[in-house]
Amino acid sequence: MTKRFRNWALLSILASMVVGPAAKAQDRRTIAEPVAPDTVCDRPVPSGKNDTVSLQEAIEHCPDGAAVYLGRGEFHSGPLEMKSGVTLWVGRGATLIAIPEPAAYDKGLGQCGRIAEKGDGCRPFISFS
């Protein structure tokens, strides 16, 4: 019985090695490579301080299908709310840095930066509407 089981196991392993590669699932979706927007509506300049207001204003005033382009430099920001259809394009040499101030991310309950049961006292750095 043991020899019969061993032979059956060996046969199963060999069969899976032969049939296995042919039976693999393949992704047949067509994926389009992302492209940069044709229009850049604003090119904010880093101030070296908190750039949240200028970045958020640029995003809000940008039309659908266009981009806010961040060029060279360090942009320091609190939470940003992205508008639907607008791209935040972080160019080569640009860095977008989240400011380390919990109060800037607070949802108005004074819970951000504190341990709470739910853990939902902070706004995300970038959110999408």
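Modeller: This is a predicted model, in which local features need pLDDT of at least 70 and side-chain atom pairs count only at pLDDT 80 or more, while totals for chains, interfaces and linings use all residues. Residues are numbered from 1 along each chain as its sequence is written, and side-chain values use heavy atoms, with hydrogens and water left out.

Biologist: Is C41 buried or exposed, or partly exposed?

Modeller: Buried means under 20% relative accessible area, exposed over 50% and partly exposed in between (1.4 Å probe, protein chains only). The relative accessible area of C41 is 31%. Because this value lies in the intermediate class, C41 is partly exposed.

Biologist: Which residue does a disulfide join to C41?

Modeller: A disulfide is a pair of cysteine sulfur atoms within 2.5 Å. The S to S distance from C41 is 1.9 Å, and the partner is C62. This pair links distant parts of the chain, 21 residues apart, with C41 in strand β1 (residues 39-42) and its partner in the loop between α2 (52-61) and β2 (66-70). Helices (H or I, at least four residues) and strands (E, at least two) are DSSP runs numbered from the N terminus, and the residue asked for is C62.

Biologist: What is the handedness of the disulfide of C112 and C122?

Modeller: The sulfur atoms of C112 and C122 are 2.1 Å apart. The torsion about their S-S bond is about 105°, so the disulfide is right-handed.

Biologist: What pattern do the disulfides of the chain follow?

Modeller: A search of the whole structure finds two disulfides. With bonded cysteines counted along the chain, the pattern is 1-2, 3-4.
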